[in-house]
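Good morning, colleagues. Please take a moment to look at the sequence and the structure, and I shall then go through the aromatic residues and the core.

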There are 2 protein chains.
Amino acid sequence: MCLSSLILSCCFLLPHAGAQQRTGEIWPQVHADRRISFQLKAPQARNVLLEASFLSQAQAMKKDAEGTWSFTSEPLAPEIYDYSFAVDGLKIADPLNPFVKVWRRASRSMVLVPGEPPMFFEEQNVPHGTVQIHRYHSKSLNTTRGLYVYTPPGYETATDRKYPVLYLLHGSGDTEDAWTIVGRANVIADNALAAGRAQPMIVAMPYGHTPGVRSDAGRSAQHQAFAADLLGDVIPLVEKNYRVHDDAENRAITGLSMGGGQALRIGLAHSKRFAWIAAFSSGVPSEEQVNVLLAKPDVLNEDLKLLWVGCGRQDFLFERNKQLLAALKAKGVRHTPRITEGSHNWRVWRRYLNEVLPLLFQSDK
Amino acid sequence: MCLSSLILSCCFLLPHAGAQQRTGEIWPQVHADRRISFQLKAPQARNVLLEASFLSQAQAMKKDAEGTWSFTSEPLAPEIYDYSFAVDGLKIADPLNPFVKVWRRASRSMVLVPGEPPMFFEEQNVPHGTVQIHRYHSKSLNTTRGLYVYTPPGYETATDRKYPVLYLLHGSGDTEDAWTIVGRANVIADNALAAGRAQPMIVAMPYGHTPGVRSDAGRSAQHQAFAADLLGDVIPLVEKNYRVHDDAENRAITGLSMGGGQALRIGLAHSKRFAWIAAFSSGVPSEEQVNVLLAKPDVLNEDLKLLWVGCGRQDFLFERNKQLLAALKAKGVRHTPRITEGSHNWRVWRRYLNEVLPLLFQSDK
């Protein structure tokens, strides 16, 4: 690999806006030594700060004679970082970086620092699966919603083969594209399959929010509404349109944060339908709800092939997850606890997915 | 429809980040009377302008006591508009609007003003097709590239049916996602199919740029490289992975601007492979190249079912398109000229696609 090719633009990693060879000016620039150079042209600004997930505090950028502000980092560990600029206090995404995380809070930009060898979340020259964007009318919610579905490499031509399905749920700050665009679930799955680490599977990534006011009072209704959409619309859509096995041993449910709570509530309440459950940094149901969900430990132990509960020590949900783990232990429900370093962010969730994919749909479990 | 539901957020139209029910604050707001309210919180800014495709010149926004700048438009025609803010001269997309057009120039935001009845580019409660995101290794270009493929409603379950394919090419400022995210080709096709106006078809939307320096000198090499990828990688991928007819009468090629030039060059040079060609506001090949492409009018008239050439009078490429139409007439090549109002923008291209889809793959042509 020549050195010049190591000036990478982050955007070549975008699954929906590929293209290593963009012809415009793309920032930031990632150098061969894994430093990142950021740049923003804002001649009239008085103060520009860089806020980034690799910085413990915002860093002042330096203005040159042309009014271009710049900052170059130290060499960084291979990772996907996010950042924004604060221009006289206004937080903005990088106007010249198409790799953007949108939704809820103000948009932030992302940048990937590659590893050598490549990290598990980097697109490599291996067979690639396909990500399908569905729009469907939810009868349960009487609205049109989105659904992303990953099919593994070779799915289109293996017309006599059926696959297991992982339902992969996002967090409260996300939409149905987050596991693809930010979480890179498709890339992680491609790489795990190419390495022979995981079973070929379909990954269905529904939209997790439901209509109506979000509040603590409404949370249970929200949950019921999502469960109705998942069980009554999403799963039937997947099982109608894809060649999939439709038994519990071929159905997994996993999610992060809000989606982790959904995976636990739906999975544990429907253990005859989902034999594999994993919850990442999850919004654990209340103690009362957990008691209901764990009321029949023998049934859960009989039905479940995996109940994986992961959380980082620095996560604001760590205590609640510890309580869940304690309850599982107290009730004698077989499970895999996974306490790691890390806080409530995608760095952790990409790694959890990469750990969990190889555990799913293994016949010897 | 109740009035409150008419406060629409633009983002519910995003094919990949659906969700009518976003829980965060989303701007701009589109009112029932089709005015749009824009807002940006920037207390330290001295001057904020709104630049928008419905404005002939940038408009000053007004600051309130909390430092929030705002502007409300007049009632506007139903349309997808794009806009950006200039904050003390720095052009930015709207940080609270996830409907963003990225790539090449600085990102811009988009907002849809709905019509009643709905416009042809608005998502409606009709059967929806699916958009597949492929990443593939191009043997021709020795690089990994993206490809979007629209399949019509019912494709997944009509397992004994084969479909014609439209190859739909983007402009020089775009990537392979542009026809979906900005052009809304999937929505336009869904609506045309629901109305019985078009034949069910697959729409393959490849990435049109090729590696290497872009320059006038390199343009021919660029074109050859793209043609090699399309003919040698993209079409084989589509014909391997989708149930499609593989004869010329079931293959169309269409594009806008740069992609219009590609459609003309590839389509006319390979009329045994593409019986349907349409060029939107296209970067017309040079006079010398046109002479080569039109050297055998009888062959073209024998092979082609459609040669559609559209351009707006205000388009900077209008003169070149007029020259092409004159050459086609002089050579006696049968074609459909389509001179319209409009300049070089997506407002025109969405309408051209909506006009052309019903003309394709009609057996009586």
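B:W346 is buried, at a relative accessible area of 11%, where buried means under 20% relative accessible area, exposed over 50% and partly exposed in between, with a 1.4 Å probe and protein chains only. B:W349 is likewise buried, at 5%. This is a predicted model, in which local features need pLDDT of at least 70, side-chain atom pairs count only at pLDDT 80 or more, and totals for chains, interfaces and linings use all residues. Residues are numbered from 1 along each chain as its sequence is written, chains are lettered from A and ligands numbered from 1 in the order written, and side-chain values use heavy atoms, without hydrogens and water.

Let me turn to the ring pairs. Over all chains there are 30 aromatic pairs; rings of Phe, Tyr and Trp (its six-membered ring) pair if their centres lie within 6.5 Å, with planes under 30 degrees apart counted as stacked, over 60 as edge-to-face and the rest as tilted. The planes of B:W308 and B:Y352 meet at 70° with the ring centres 5.1 Å apart, so this pair is edge-to-face. Because B:W308 belongs to strand β18 (residues 306-312) of chain B and B:Y352 to helix α8 (residues 346-356) of chain B, the pair ties together parts 44 residues apart in sequence. Helices (H or I, at least four residues) and strands (E, at least two) are DSSP runs, numbered from the N terminus. B:W308 is buried at 2% relative accessibility, and B:Y352 is buried with a relative accessible area of 2%. B:W346 and B:W349 also make an edge-to-face pair, at 5.4 Å centre to centre and 80° between the planes. Both residues lie in helix α8 of chain B, three residues apart, about one turn of the helix.

Which residues have the most contacts inside the largest nonpolar core? They are A:W179, A:F280, A:L360, B:W179, B:F280 and B:L360, in a core of 87 residues. Such a core is a set of buried Ala, Val, Leu, Ile, Met, Phe, Trp, Tyr and Cys residues joined through side-chain atoms within 4.5 Å. Beyond its neighbours within four places in sequence, B:F280 has contacts (heavy atoms within 4.5 Å) with residues including B:W179, B:W308, B:W349 and B:Y352.

Finally, the cysteines. The structure holds zero disulfides over all chains, a disulfide being a pair of cysteine sulfur atoms within 2.5 Å. A:C311 is buried at 1% relative accessible area, and B:C311 is buried at 1%.
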